[in-house]
Amino acid sequence: MSDQIKHECGIGLIRLLKPLEYYEETYGSALWGLDRMFVLMEKQRNRGQDGAGLASLKLDVSPGRPYLHRERSNNHHGPWGDIFQKIDLAQADLKEKFPEDYKNAQFQHLNNPYAGEVLLGHLRYGTHGRNEIESCHPVVRTSDYRNRTLALAGNFNLTNVDELFNRLVELGQHPRIMTDTELMLERIAHYLDNRTDQLYKENKKKGHLRKEITGIISQELDMFEVIKGAADQWDGGYVFAGLVGNGDVFVVRDPNGIRPCFYYHNEEVLVAASERSAICTVFNVSPEDVLELPAAHVLTLKGGMQNEFERPAKIQVRQFTQPRKQLSCSFERIYFSRGNDRDIYQERKMLGKMLANTVLDSVNHDVDNTVFSYIPNTSEVSFIGLLEEMNDQLTLQKKEWIQQLGNTMTEKDLDRILSMHIRSEKVIQKDVKMRTFIADDNARQDLLTHVYDITRGVLNPETDNLVCVDDSIVRGSTLKGSILRMLARLTPKKIVIVSSAPQIRYPDCYGIDMSQIERLIAFQGATGLLRDTGQAKIIDDVYAEIMSLKAANKLETKNVVKAIYAPFSAEEISKKIAEIVKPDKGFTPELEIIFQPLENLKVALPHNLGDWYFSGDYPTPGGNRVVNQAFINYVEGKNQRAYQVGMG
């Protein structure tokens, strides 16, 4: 992707189903689970590099010894690696001091804070500079009672933070921070406390002693019931995983299935993560063995607690609320998720294939004088799909020519036909992230141009067209300020930028960091066209209607901003976008920008129909509220988010 946007997060949960001694005997290390967790999150590092956290829970620990440990990092050089570097240093110290006992599972369990049976990992992208350590997951609520200790890590944004905050205050609570993460933690904790109190009273009436009751609560506690009560009134996209101090674990997915979640289990381990391919790689299992957690469901595990590993773990997947229309995020598949997932790979190829005819029309089918390339790195698979389709079409065209020539075909004709091919080159190279501390804006922009580099000598100057595939175009700032300026140095006759995604017209509020509508290049194109064509009054009309809804406390009822785009075709807006991103000086090639038609998404991504970025059809009422508020901020010149900043 040319524009760097931040989003989402990555989660990982590992629950060992046997004692550490089993893994020492079977795999040669009591830290088998910890090693798996490291790789599991490394394989998801595309989902967050601003912060990371790891929680480790030990099940069979005597009173007086800690049972829950947490390490978090916001080290900008690599927070997940930073966490494990600290763990490795502690390991090295143990090994040096106790070389004979070091490999012993019981020794590790007693002396290594992260030799636990439950591991909860998290990777995060920060939003608007909120990269402080307190924003990193897992978030924890501790207690002297294991049944009340809670840790939570998630990939989510809730759109109704104000409402949820007020509900907690009405319950008599005093939330420390007004973020969706804090509110989710406190709400789950509230229902967890209520359930443990209820179980305590029931068992006390039966004559059980207090010490006995703690163990009984641990056995009878069902986090499904807790989540079922706590999730009422949550609006947004979410997947989160959590652990209770007694060893119970749970994973929850929102009713629309907006955010992704997958899980796998056998007799040794239960694992859940944001990426299916990560589970497949780390545990060496096929995609068919990894299950997708259904929308509106919670995965829970009980059993194997406090020296009771011989009791089989009970794993259940149950519906905690009414599912809504499945609207899994399409942008996940187009850009964020790892492309080595089997289905995602094929989907991205299909997105490229479906653009072939439009691309060929844009260069007048002159493949002899056109070079095809892509903008690194996530657009590569769509580029492969585009090439495959064009090669297939060229093969058909060759057959037709040969048939037409028939007996009149000469060897020269045959050589000419067979030598025709689609010219593809890696024209753009992406270097490591470049940082600059120069204050002057012009000088800084010039330096940032060199984040990308070009391969010279692969184009015929002034003769060749250059087609470059990108997975999506969000703001267009990198195109204008860097990529197009670099490509112009190759002096092609025409540059065609091809987006495998449709025009991104509306802000997101479910996890991806693009909440300010005025930064979206498609919005700039549409409003620019309104002014160019004397229809600027539509902007005022939309604002007036939104303010009317706000006065009636009905912002969530309708996406009024759709009216901004209604007067124009997608092609007209694409043409205006090309005008906006075209560099101001020294740019001589003809420029065309092609976007994926919205209707193609349903064909390429039949199981991920969440297209609100492109269509404005939000899956929850909170989405309408956010897009309308974003438009208010745009008109009133407020450079701020349209909803409360979360930490997930």
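Reply: Start with a network: salt bridges link Arg-276, Glu-288, Asp-341, Arg-342 and Asp-343. A salt bridge here means a side-chain nitrogen of Lys or Arg within 4 Å of a carboxyl oxygen of Asp or Glu. Side chains of opposite charge can pair when their charged atoms come close.

This is a predicted model, where local features need pLDDT of at least 70 and side-chain atom pairs count only at pLDDT 80 or more, while totals for chains, interfaces and linings use all residues. Residues are numbered from 1 along each chain as its sequence is written, and side-chain values use heavy atoms, with hydrogens and water left out.

Arg-342 and Asp-343 form a salt bridge, with their closest N and O atoms 3.1 Å apart. Arg-342 has a relative accessible area of 36%, so it is partly exposed. Asp-343, at 30%, is also partly exposed. The cut-offs are these: buried is under 20% relative accessible area, exposed is over 50%, and partly exposed lies in between (1.4 Å probe, protein chains only).

The structure holds 31 salt bridges. Another one joins the side chains of Glu-71 and Lys-86, at 3.5 Å from N to O. This pair links distant parts of the chain, 15 residues apart: Glu-71 sits in strand S4 (residues 68-73) and Lys-86 in helix H3 (residues 79-97). Helices (H or I, at least four residues) and strands (E, at least two) are DSSP runs, numbered from the N terminus. Glu-71 is partly exposed at 23%, and Lys-86 is partly exposed at 37%.

Finally, Asp-611 meets Lys-602 in a salt bridge of 3.8 Å, N to O. Asp-611 is buried, at 10% relative accessibility. Lys-602 is exposed, at 51%.
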